[in-house]
Amino acid sequence: MMRRVKLALAAFLLTPFAYAADVPDPISLEQALNYAEGHPRSQLAPDIAQRYPEPLPLYLDCHSLAYNNNTSPDNQRDRSVSPLISPLEKQRLDIMERFFDVLLADSSAVRDSENMAVYYIPLDRTRTRMELKEFSELDVAKLDAEYQIVRQQSAASTASQRLTRSLLAQAINNPQTLPRDLNPLNLDTFPATMPALDELVETSLKNNKWLKERRDDASADERAVIDMTLRQQLIELLLRLDIFKVAEARSQSEISWRDYYLELSRTLYEQEVKSDLGDAMTQQSKARLQQQQIQFCRALTFAQLNALQGNPLWPLPQPEKKEEKPE
């Protein structure tokens with residue numbers, strides 16, 4: 001299934017766009033971030049850049065994901081660090097968002113392709129058995145209507161693969177090139193603890209040179225607003241990390257359940273007992289996609305914290321190694 005998705009994507013991307021030799025294939029996140037320097041947006045003054053807002057990611061809605069869609073939609077909260085960091089760092093964060101969005105689009109396409117196969121198989125069997133007078137045209141029409149719904153969803157997922165790649169191409173200042181293959185990321189480990197809020201505020205005011213320069217040139221009232229905005233943004237990012245830690249545990253629990261259920265469905269299928277093998281595969285893919293979303297949002301949140309503190313966005317901080325006690 002994955003091979004068919006990749007072949008379809010390759011054909012989709014190569015027409016009518018040409019593939020530029022100076023873009024690595026596959027491209028890694030580290031390589032993509034290097035394209036931020038010299039990007040036109042990184043050269044614009046913030047007030048001018050606001051006149052040309054960037055499209056929001058298709059899949060990476062971290063605020064809604066963190067709060068389980070229980071809050072009012074506010075996608076701009078994912079980008080509220082922008083006034084506090086340099087345009088160059090903002091461009092790097094944008095590249096990271098676009099990179100993650102492409103990987104999620106690819107995973108979504110695999111899930112929807114599997115789902116389409118789940119609905120097509122019973123439709124095809126029913127058509128064949130209708131010729132044997134075992135099913136009616138009404139039965140076929142019902143299954144066909146259901147299949148066309150998931151077929152449309154699969155077509156939309158395939159289109160999103162191209163759209164997210166187009167946005168990534170814009171972010172790396174190479175709009176005529178749609179990146180084909182992206183190197184996967186290893187995001188299995190994150191720091192277990194974070195510095196206290198006051199420490200993060202102090203570090204940001206000290207090491208974020210872009211913010212420090214603007215704060216030095218500001219009036220007393222403006223500095224007070226900057227400080228409050230910085231503190232609030234740090235609070236929101238820290239809270240988001242706490243939520244994602246819990247969400248990661250929930251996601252892993254669901255994946256374990258889906259894996260067991262898939263194995264049961266596969267066993268029943270092999271024994272020619274009625275089973276929902278196709279649906280079990282789709283639900284497993286859906287669970288793994290959400291886990292991927294959570295991991296990417298956690299990574300992006302750490303990167304935003306790095307940017308506020310004047311630290312490199314990538315690689316992310318690693319957990320502290322536990323000291324081995326001598327025996």
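**Burial, ring pairs and helix packing**

Student: Why is tyrosine 147 called buried?

Tutor: Its relative accessible area is 12%. Buried means under 20%, exposed over 50% and partly exposed in between (1.4 Å probe, protein chains only), so tyrosine 147 counts as buried. The model is predicted: local features need pLDDT of at least 70, side-chain atom pairs pLDDT 80 or more, while totals for chains, interfaces and linings use all residues. Numbering runs from 1 along each chain as its sequence is written, and side-chain values use heavy atoms, without hydrogens and water.

Student: What makes the pair of tyrosine 120 and tyrosine 147 tilted?

Tutor: Ring centres of Phe, Tyr and Trp (its six-membered ring) must lie within 6.5 Å; planes under 30 degrees apart are stacked, over 60 edge-to-face, the rest tilted. Here the centres are 5.5 Å apart and the planes at 55°, so the pair is tilted. Tyrosine 120, at 37% relative accessibility, is partly exposed.

Student: Why is the pair of phenylalanine 100 and phenylalanine 296 called stacked?

Tutor: The planes are 5° apart and the centres 4.5 Å, which meets the rule for stacked. Phenylalanine 100 lies in helix 6 and phenylalanine 296 in helix 11, so the pair ties together parts 196 residues apart in sequence. Helices are DSSP runs (H or I, at least four residues), numbered from the N terminus.

Student: How do you know that helix 6 is roughly antiparallel to helix 11?

Tutor: Helix 6 (residues 87-131) and helix 11 (residues 277-308) pack at about 175°. Angles run from 0 to 180 degrees between N-to-C directions of axes fitted to C-alpha atoms over the stretch in contact. Under 35 degrees is roughly parallel, over 145 roughly antiparallel, 65 to 115 roughly perpendicular, the rest oblique, so the two helices are roughly antiparallel.
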